[in-house]
Amino acid sequence: MFCYRCGKANEDDNRFCKYCGTMIRPPAVVVPEDLNYFPPNPDALWAYYLGIASLLCGITGIPAIVMGIRGLRYAKLHPEARGEVHAWVGIIGGALTVLCVFMLIIGVVISACL
Ligand SMILES: [Zn+2]
């Protein structure tokens, strides 16, 4: 293979260019031993992502709260799974968004009535 930096030819199995030292082949990808890895508290993780997403686009606020509550319940049943922080981020983020959307609707209604 040719070095993309200096263009000189290297043996195919060289990881570094022997002329300029540039890494021309990335290190072998480390494959996790357990390919069936599953997040310990998926509900809480979902709440977290939905909560963050709701702050950006507003739509996912309610599912974020629902998943957050489920995540908290799961964390209580399975203390080793943890994820309370993720769940709380989802609940608070979701609640803030729902509140904002609610205020927005009330604002629109009031301004439409005036
Ligand atoms: Zn090179």
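Cys17 is buried, with a relative accessibility of 4% (buried means under 20% relative accessible area, exposed over 50%, and partly exposed in between, with a 1.4 Å probe and protein chains only). The structure is a predicted model, in which local features need pLDDT of at least 70, side-chain atom pairs count only at pLDDT 80 or more, and totals for chains, interfaces and linings use all residues. Residues are numbered from 1 along each chain as its sequence is written, and side-chain values use heavy atoms, with hydrogens and water left out.

The SG atoms of Cys3, Cys6, Cys17 and Cys20 coordinate the zinc ion at 2.2 to 2.3 Å (donors are N, O and S atoms within 2.8 Å of the metal, or 3.2 Å for Na, K and Ca; water is not among the atoms, so sites may look incomplete). The site is tetrahedral, with angles of 106 to 117° among the four donor atoms; four donors count as tetrahedral if all angles lie between 85 and 135 degrees. The spacing of the donor residues in sequence is C-x2-C-x10-C-x2-C. Cys6, at 32% relative accessibility, is partly exposed.

The expected span is 1.5 Å times one less than the number of residues; helices (H or I, at least four residues) are DSSP runs numbered from the N terminus. The buried residues of helix 3 are Ala87, Gly90, Ile91, Gly93, Gly94 and Thr97, and they pack against helix 1 and helix 2 (contact means heavy atoms within 4.5 Å).

Arg82 is found in the loop between helix 2 and helix 3 and is exposed, at 57% relative accessible area.

Key: Tetrahedral: all angles 85-135°; square planar, octahedral: opposite > 155°, others 65-115°. Helix = DSSP H or I, 4+ residues; strand = E, 2+ residues; numbered from the N terminus.
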